[in-house]
Amino acid sequence: MAYSAEISRVNPTCFVFLVDQSASMNDPIGGDSPQRKADVVADAINRLLTELSVKCAKEEGVRDYFHVAVIGYGSSVGSAYAGSLAGRDLVPLSEVADNPARVEERVKKVPDGAGGLVETTTRFPVWMDPVANAGTPMCRALQYAESIVAKWLVDHPGCFPPIVLNLTDGESTDGDPDAPAAGIRAHASADGAALLFNLHVSAGGGEPVTFPDADGGLPDAYSRTLFNMSSVLPTDMRSYAATQGFSVSDATRGFVYNADIASIVQFLDIGTRATDLR
Amino acid sequence: MATARFPSGAAYVEALQNTALCFDDPELKGARVELDKLQRPRAISGNFASVFSVTAANGRRYAIKCFTREVADQEVRYRAVSDHLAKLDHRWKVGFTYLPHGIMVEGRRYPILKMDWVEATSLTRWLDEHVHDSAAVARLADRFAELVGELEWAGIAHGDLQHGNLLVVGDGSLRLVDYDGMFVPALAGAGAAEIGHRNYQSPSRTQSDFDATIDRFSSWVIYLSLVAVAAEPALWGQLREEGGEYLLLTEDDFTDPDGSSRFSILLNHVAPEVRALVGHVQALVGIPPNLLPELKPIPVDSLSTRSAFHQPTISGLPAWMVDHVPEADPVPDKHFTQRGPVVWSATLLLVAFVVGAVLMGALAVVTPVAAAGFGAVGVVLWLADLAVLYLRGPEARAAKQARTQRDEARQARVAADVELGVATRRSDELVNAAKEIAETGRKRRQTIQATHGSELAVLNQEHSKHLAMLAGERTGISNQLRQELAQALLAAQAEHVRSKLAKIEIAASGLDGFGDKLIGSLQDAGIVTAADFDGVGYMVNGQFQNRIAQFHLTSGYSVRVPGIGEVKANRLEEWRREQERIARLTQPIRLGDGQLRVIEARFRTQMLQLGTTEQQAQAAAQQRKTLLNQRLTRDLAALDVSQRTATAQAAQEQSRHLPVLRKAQAGAERARHQYELAEQEARAQRTITYPRFVLFSLTGR
Ligand SMILES: Nc1ncnc2c1ncn2[C@@H]1O[C@H](COP(=O)(O)OP(=O)(O)O)[C@@H](O)[C@H]1O
């Protein structure tokens with residue numbers, strides 16, 4: 001069965017995050033939120049990296065189940081790590097976990113459980129800062145990711161297929177991203193084709209959508225393009241999505257519109273044998 | 001959303017930064033959480049939960065398990081497990097309380113498991129540190145068998161026995177954690193909450209297998225691994241890759257036991273106990289989980305005292321040492337030992353003959369020549385006797401055997417090297433093949449895209465040429481229209497002037513000097529009104545040296561009118577001009593609507609036709625473009641499909657070959673060591689020679 005390879009230190013896989021850093025990311029996300037799209041995306045990446053680090057933390061520290069690249073695209077295409085990881089593409093997860101650019105103290109109002117709100121401070125590691133300028137060379141970014149994936153697969157032919165996660169507002173300025181997206185999905189390990197997932201942040205409004213199985217309900221052409229570029233969720237990930245309360249079908253894709261995508265990390269199995277939950 | 005969506009590990013890390021807020025439990029509220037390098041709560045994560053170390057104000061340390069995935073009927077299960085364990089008094093137990101609303105994350109409450117903290121090391125890490133302490137590993141195997149016996153005796157099962165859930169405490173005893181998947185009799189029929197770690201479970205275990213037997217497969221696997229490592233620590237490095245999430249065997253070995261290199265190495269192990277265990281475990285793979293036999297440990301008091309585990313190899317080193325002797329210590333040269341009675345008797349024989357010969361010579365019993373001959377026979381007999389003794393002797397036999405073993409080891413090494421060479425070459429080939437596939441794919445993609453690009457460019461070029469031509473036509477047409485309109489206006493104006501002038505008769509002009517006769521002559525020449533001529537020219541008459549006027553008629557002819565000289569002709573012409581000037585004052589300055597419409601209508605059809613042609617060209621180009629794009633998409637998709645298949649195939653071959661390569665590497669390494677040892681051993685035999693034996697028989701050294 002495809003997408004069932006063990007993810008382990010002996011057989012690690014890779015995650016490539018692509019982050020839209022174009023000028024349009026300067027626009028507010030819309031709705032009640034004053035946040036800019038660039039902030040939303042930077043937060044999402046920092047969350048995802050935290051999520052991966054926590055998931056792979058064991059008694060002696062974080063294990064290198066994954067190697068992770070964060071690639072920005074805007075005025076140029078390349079590593080978006082800040083701090084001591086700057087300029088690097090794939091970095092072993094343990095090194096990522098120990099080397100954020102900084103840890104911010106963030107003050108948040110959270111429910112106190114009794115109907116009120118209380119202020120609390122949390123430490124939030126930051127690996128990537130929000131950037132927004134120039135165009136959106138999404139095609140080039142996808143090609144860059146493809147080259148990382150291709151190189152990885154030469155050395156890890158039996159791994160769980162690499163995952164590319166693209167975070168964008170969708171307005172590619174260097175052509176139709178469909179072909180380069182297919183380019184990524186055409187690479188495969190013995191365990192299946194590489195996966196391409198997309199997070200669409202948009203001021204377009206409408207309901208947030210998580211893991212849809214058709215593009216009918218999507219608000220605009222950009223989201224439909226991104227939906228159609230996204231891989232169908234592998235069976236096991238789909239089962240976990242279902243147990244987490246998402247409604248899924250055979251056609252459910254790794255696409256999210258204005259919603260949280262960090263849950264994708266929870267869908268990955270490490271060690272335990274995949275169960276046919278549903 | 002109906003189903004509870006559990007928080008992620010990171011969400012728990014965030015919530016635990018404020019234990020005064022997230023916990024209700026009086027002991028946990030405000031308790032201190034152990035932090036990581038970034039000063040955030042340090043998580044230890046499994047697939048279903050993250051565990052945090054929390055120390056209460058009273059100094060008690062807890063392991064707080066926060067769930068990241070839903071477990072069906074979790075509370076019921078934990079209650080049942082808790083009730084059942086309360087009755088047991090086993091050392092492996094870890095105390096816990098299930099708190100159904102134990103933690104608040106982002107305003108919502110979720111269950112936690114509050115466990116006593118176990119200060120311990122997980123099994124793989126412990127083995128990494130203790131692998132060379134065979135006695136300790138053997139003791140651990142015993143203890144593990146004991147633990148399994150206790151579970152069996154209690155009629156319960158853990159459900160996920162594996163290295164992460166078996167913790168080794170400082171005193172070497174075992175603790176069992178993670179009771180998520182535990183079976184207790186009260187849960188019979190509930191179905192398994194999880195089916196355990198992939199590298200420890202029978203391939204045929206499913207969620208419906210849920211009874212006291214679910215640990216059996218994993219028990220055997222773990223016990224076998226511990227026993228094998230105790231017997232030969234080198235296996236820990238040979239059968240596993242560093243950081244592997246398994247002991248000695250993995251899922252692949254269970255799904256394909258016959259093709260498994262690990263099974264085959266273990267099945268050829270020197271220790272018969274290990275061989276027997278391995279054979280047994282290999283056979284378990286085909287047995288339905290609920291029919292698996294109970295773990296039967298090796299029936300001895302303690303494995304650690306068993307000498308069978310330290311069988312000497314040719315060099316006298318135990319098998320597990322082989323890997324740890326990079327350059328074997330030189331083996332001291334061998335010597336002959338113990339001159340036995342047979343050797344003594346041979347020496348006596350010599351002495352007897354020599355003494356006999358001397359006596360015979362001295363007493364002149366025989367001739368000196370005969371006596372010498374007798375002595376020589378004695379020496380020859382003695383040497384022959386010694387030769388036989390030498391060849392039969394233990395030292396020479398050992399020497400011969402050592403040399404034979406060395407030769408065999410050399411052959412084995414050559415064979416292993418050849419095998420490694422083949423495997424390495426194959427592996428290079430596979431890597432290159434994969435690279436080539438990627439390269440070909442990239443090239444084909446480039447070709448497809450380049451072809452598409454150039455075809456598109458040609459199409460665009462042709463199209464814009466066509467458009468330019470049509471645009472030219474359009475300009476031509478509108479120029480023509482303008483021209484035609486101008487001409488029509490000119491014609492209308494000319495007609496106006498003509499009709500005006502036609503009404504003005506010369507006879508009525510009252511021009512000076514134009515009497516009836518002259519008017520008559522003009523009339524004869526066809527000139528009656530101002531419209532009948534449009535100018536006057538002069539011809540010079542060479543004969544009379546005077547100029548003769550010629551009237552240009554509007555009909556195109558030129559005529560001479562008798563009686564009109566230059567002066568009168570000028571006057572008439574001036575008059576006509578004046579009349580024309582006056583007529584021009586009233587001429588039309590634009591075309592009549594009707595006429596305009598007629599002309600424009602004619603051109604409009606032309607323009608419309610042109611527009612249609614342009615649209616058609618546009619559409620045709622678009623269609624060709626669409627076709628090109630469709631072809632590109634189709635070609636790329638087809639390429640994708642073939643690339644994916646090829647890549648997947650190559651990757652499959654590569655990963656199939658990997659164990660072969662590993663095995664060949666290990667084999668070559670082993671063979672090299674064995675040869676070196678055998679070579680040392682053989683070299684130590686160089687002192688075992690016949691002459692030395694002769695010397696030895698005489699001197700004892
Ligand atoms: N009581 C405990 N004391 C110390 N460490 C523990 C304890 N319980 C669990 N752990 C550690 O946390 C890890 C994960 O816990 P576990 O219950 O196995 O989670 P999961 O069910 O997700 O596999 C274990 O491998 C172990 O290292």
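Two strands are said to pair if DSSP finds at least two bridges between them, and helices (H or I, at least four residues) and strands (E, at least two) are DSSP runs numbered from the N terminus. In strand 11 of chain B, B:Arg547 is the bridge partner of B:Val540. The structure is a predicted model, in which local features need pLDDT of at least 70 and side-chain atom pairs count only at pLDDT 80 or more, while totals for chains, interfaces and linings use all residues. Residues are numbered from 1 along each chain as its sequence is written, chains are lettered from A and ligands numbered from 1 in the order in which they are written, and side-chain values use heavy atoms, with hydrogens and water left out.

**Ligand surroundings**

**Polar contacts and burial**

- A polar contact with the ligand is a pair of N or O atoms within 3.5 Å.
- A backbone N or O atom of B:Gly164 lies 2.7 Å from an oxygen atom of the ligand.
- For B:Asp178, a side-chain N or O atom is 2.8 Å from a ligand oxygen atom.
- For B:Asp180, the distance from a polar side-chain atom to an oxygen atom of the ligand is 3.4 Å.
- The ligand taken alone exposes 550 Å², of which the protein buries 94%, with accessible areas from the Shrake-Rupley method and a 1.4 Å probe.

**Annotated helical spans**

- An unreviewed UniProt entry places the feature "transmembrane region" at residues 342-363 and 369-391 of chain B; such annotations may be inferred rather than shown by experiment.
- Residues 342-363 of chain B are 95% helix and 0% strand, with end C-alpha atoms 31 Å apart.
- Residues 369-391 of chain B are 100% helix and 0% strand, with end C-alpha atoms 33 Å apart.

**Three-stranded sheet**

- An open sheet of chain B has the strand order 10-11-12, with antiparallel pairing.
- Its edge strands, each pairing on one side only, are strand 10 (533-541) and strand 12 (558-559) of chain B.
- Strand 10 and strand 11 (residues 546-553) of chain B pair over eight bridges in the antiparallel sense.

Notes
Polar contact = N/O pair within 3.5 Å; in protein donor to acceptor, adjacent residues only side chain to side chain.
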